[in-house]
Amino acid sequence: MSNITPQEIKKEFLKSRMGIAGITILTILILTSIITIIIIPVETFQEWNNPESWITYPKTAIPVWVNLFLTEKIPEHKILVEPNIETTFNDEINLTSYQFNLNFNYDQFPKDFIYSYLLEYSGSPLLQMSVIRPDGVKLELVSTSLPHSNLKIIHNDRVFSTDAMIKKELVLQEEEFQFEIDRLSVEDIIFSKTESNNTLKGNYVFLIDFYEINEESKIIDSKLIIGGKAFGIMGTDELRRDLAIGLLWGTPLALFIGLVVSIGSVIMGLVYGIYAGFKGKKTDETMMRFNDILYALPALPFLIILSVTISNSIFVMTGFLMIFGWVGIAKVARSMSLQIKTRGYVEAATIMGQKDSKMILKHILPQLLPYAFASIAISVPAAITTEAGLSFLGLGDPSFPTWGQILHDANTFGAAARGFWWWIVPPGIMIAITGLAFVFIGNALDSIINPKLKR
Amino acid sequence: MKKYIATRAATMFGVLLITLLITILLVGSNMDIILKQGIVFQVRSEIIENPAISESFSSVKEFEAFIQDQTDQKIKHLGLDEPWYSPQRIGFTMYKIVLLDFGQATFLTSDSGSSDVKDIIFEKLPKTILLFTSATIIISIIGIFVGALSASKVGSTIDRITSSFAIISSSFPVWWIGMLMIFLFAFTYQIFPARATPDIPASSPEYLGALLYHMALPLITIVMIGFGSWAYLVRNFMVGIMQEDFIIAKKTIGINQSKITYTHALKNAAPPIITILALSLSGSLGGAIITEAVFDWPGMGRLYFEAITVMDLPVIIGATYILTVFFLVSVFIADLLYGYFDPRIRSSAGE
């Protein structure tokens with residue numbers, strides 16, 4: 001601690017490479033948070049723990065970019081939502097045809113496929129599903145009529161690749177293939193070359209036709225899901241959740257927890273420490289003994305007890321983290337204010353009869369500000385890792401997708417044993433990067449305030 | 001000096017009592033409910049064991065009334081009729097705990113089957129000492145040497161590598177590195193076992209070897225993440241001392257650089273280093289709740305976590321008490337050692 005002006009600190013800080021690196025990372029994180037909050041729908045955040053909303057996603061899919069490094073490409077999970085629609089009238093028959101184009105360039109067969117639709121109709125339309133393969137072969141998959149209805153109804157249904165009728169249809173077209181198809185699963189047949197059971201790459205067209213007589217039907221929603229083993233930039237977890245979304249939401253949450261806890265504890269510590277040091281004598285003694293008691297409490301066990309007995313809401317937890325965060329800062333702030341108090345100008349001000357509050361605000365607090373900023377930056381990583389640790393133990397707020405929560409889920413589902421590295425590595429790296437940004441800033445500030453360390 | 005020790009000891013004891021009080025206050029209300037449930041269960045099982053009593057009732061109402069009566073009697077006998085926050089009860093509980101009588105665990109048992117909280121804790125403590133205390137010792141030794149080395153060559157490549165390693169490693173959570181290590185060295189390359197608990201019985205002669213083998217992965221992880229910040233800390237203390245006049249004087253006389261670093265400078269950096277060593281040794285006794293959970297190490301940390309998940313209150317209170325005692329004792333010892341190494345503190349305290 002010395003008398004450096006804010007301008008000097010700023011100048012020195014901009015000279016330090018570490019400080020610049022920290023500020024850069026922090027800016028990127030803040031931008032990520034803002035983009036996340038604006039662009040990603042809030043529903044994904046609220047529905048994080050609702051398995052219903054993730055049903056169309058694949059289970060534990062590897063990130064897509066892994067394919068770049070593989071010679072044998074893993075099939076991507078694809079959700080096709082915008083079909084080409086063609087409507088033709090032929091006498092009394094009304095044909096609506098939906099076309100899904102799929103570019104399939106992988107060396108493994110897809111896991112399955114699901115066609116899900118929401119149709120408004122009356123009468124008894126006929127549903128036909130077929131696929132035109134890159135080699136020109138057209139395979140009939142489904143031919144079924146929807147339940148009869150006199151009134152207009154909305155029908156919601158799914159066609160699964162595991163349906164027995166698809167297999168039956170395919171067995172009827174056995175002559176297209178030069179090998180035995182009886183024992184193969186549907187997707188292994190559809191996506192296979194005709195001469196041998198290997199994947200046929202190229203453009204597939206899935207055709208879904210609805211035939212009606214004198215009636216008109218309207219598709220409200222229709223999508224074809226080709227079940228793959230790779231999905232998104234970050235893959236998915238056991239509960240089919242898109243990890244990229246979880247990781248993105250984790251950023252504003254981590255910054256919120258880290259900054260609120262550290263700013264809160266630094267302010268509490270400063271006020272407490274300065275007051276104790278300034279008042280001195282009995283007040284100082286009592287306040288410091290109270291400080292000692294809090295200091296002697298084992299923090300993590302107490303945090304666990306508090307989260308179990310009182311509440312594990314994320315907002316209450318930040319409060320608990322603050323309780324244990326300010327103690328050390330108060331100690332330093334006290335000894336610093338003790339030193340400043342003995343300086344000539346402070347003593348002079350005392351003799352002149354300045355009010356206590358004015359003395360603290362005008363003479364002592366400004367001297368401590370550089371230290372305060374450094375401690376805010378330095379205590380952020382601890383707050384983030386502690387929260388992540390509590391969440392990892394399953395004591396965090398389950399309704400928020402924090403990084404610790406994702407790691408907790410990974411551990412519960414045995415991600416390490418099952419080799420799901422994309423579930424373990426990114427959350428930890430995010431925690432570390434966020435921590436690193438603040439450590440860099442803190443260290444840069446610290447070496448400006450304590451120049452002795454730099455030499 | 002004696003007076004100083006006495007006042008310090010008295011303060012520490014006061015802090016200990018207050019910690020204990022806070023723990024009891026936090027979990028007390030739950031404890032009351034659990035104890036009362038236990039009594040009702042006990043009364044019911046006594047009746048079931050004696051068919052003669054249960055046959056003597058003519059109606060269900062009479063049966064319930066009898067149970068109620070028995071329960072009330074027992075509750076009164078144990079002093080549970082007073083609310084849990086009554087001074088007598090809290091005082092009595094605290095008195096018992098100070099004398100290391102933690103009572104019986106509600107759910108957990110030790111490996112040998114005892115449900116005495118003291119047995120459970122003293123069974124887990126050696127395992128924690130084996131892993132975390134040895135890790136702390138290794139960390140401090142490596143840390144002191146690396147730190148001294150980089151302090152003697154400030155600005156060199158070694159110094160910069162040490163400093164950046166310290167900063168980077170301190171922002172990774174140890175338990176996450178643990179998960180990665182398990183993923184890499186237990187599953188991808190099957191070198192070490194994933195679970196740190198040996199699967200052979202403790203009585204067999206190979207047990208110690210198996211335990212050490214199972215310990216390797218957590219030990220490597222803790223040391224790898226820990227020594228960087230130790231080295232950095234030692235370096236910073238040393239850099240301050242290396243700029244003192246007496247060191248510069250020694251340099252000008254022409255005393256060997258490494259001799260200055262490892263004897264004169266290190267000796268002067270000793271007080272803060274020893275304080276931190278004492279604190280981290282005692283901290284290591286608590287194990288690390290999360291690290292032990294990741295590696296499934298059967299020590300204090302996991303005991304604590306298990307106790308909290310099933311709300312086994314006597315174990316929670318007992319473990320918190322023991323850990324706080326260790327913590328305070330080491331703070332006390334660190335204080336004394338500090339005074340011993342730095343006479344300035346002793347004289348000012350003696351005034």
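This is a predicted model: local features need pLDDT of at least 70, side-chain atom pairs count only at pLDDT 80 or more; totals for chains, interfaces and linings use all residues.
Colleague: Let us begin with chain B. How many helices and how many strands does chain B have?

Modeller: One starts by listing the elements in sequence order. Chain B has 14 helices and 0 strands. Read from the N terminus, its elements accordingly run α-α-α-α-α-α-α-α-α-α-α-α-α-α.

Colleague: What radius of gyration does chain B have, and what would a compact globule of 351 residues have?

Modeller: The approach is to set the value of the chain beside the value for a globule. A compact globule of 351 residues would have a radius of gyration near 20 Å, whereas chain B has 27 Å. The box filled by the C-alpha atoms of chain B, taken along the principal axes, is roughly 100 × 60 × 35 Å.

Colleague: What percentage of the residues of chain B count as buried?

Modeller: Burial is judged here by counting neighbours: a residue is buried if 20 or more other C-beta atoms lie within 10 Å of its own. In chain B, 34% of the 351 residues count as buried.

Colleague: I turn now to chain A. In what order do the 5 strands of its open sheet stand?

Modeller: In chain A, the order is E2-E3-E8-E5-E6, and the pairing is antiparallel. Strand E2 (84–90) and strand E6 (138–145) of chain A each have a single partner strand, so one side of each is left without a neighbour in the sheet. From one strand to the next, the twist averages 20°.

Colleague: How many bridges join strand E5 of chain A to E6(A)?

Modeller: Strand E5 (residues 126–132) of chain A is joined to E6(A) by 7 bridges, and the two run antiparallel. To follow one such bridge, take Leu127(A), whose partner in E6(A) is Thr144(A).

Colleague: Which strands are the edge strands of the open sheet of 4 strands in chain A?

Modeller: The order of that sheet is E1-E9-E4-E7, again with antiparallel pairing. Its edge strands are strand E1 (78–80) and strand E7 (149–160) of chain A, each of which pairs on one side only. The twist in this sheet averages 10° from one strand to the next.

Colleague: Which residue in E9(A) stands opposite Leu80(A)?

Modeller: Leu80(A) stands opposite Leu224(A) in E9(A). Strand E9 (residues 218–227) of chain A and E1(A) run antiparallel and are joined by 3 bridges.

Methods:
Residues are numbered from 1 along each chain as its sequence is written. Chains are lettered from A and ligands numbered from 1 in the order in which they are written. The radius of gyration is taken over C-alpha atoms; the globule rule is 2.2 Å times the number of residues to the power 0.38. A residue is buried if 20 or more other C-beta atoms lie within 10 Å of its own, exposed if 12 or fewer, and partly exposed in between; C-beta atoms are placed from the backbone. Two strands pair if DSSP finds at least two bridges between them. Axes are lines fitted to C-alpha atoms, for helices over the stretch in contact, and angles run from 0 to 180 degrees between N-to-C directions.
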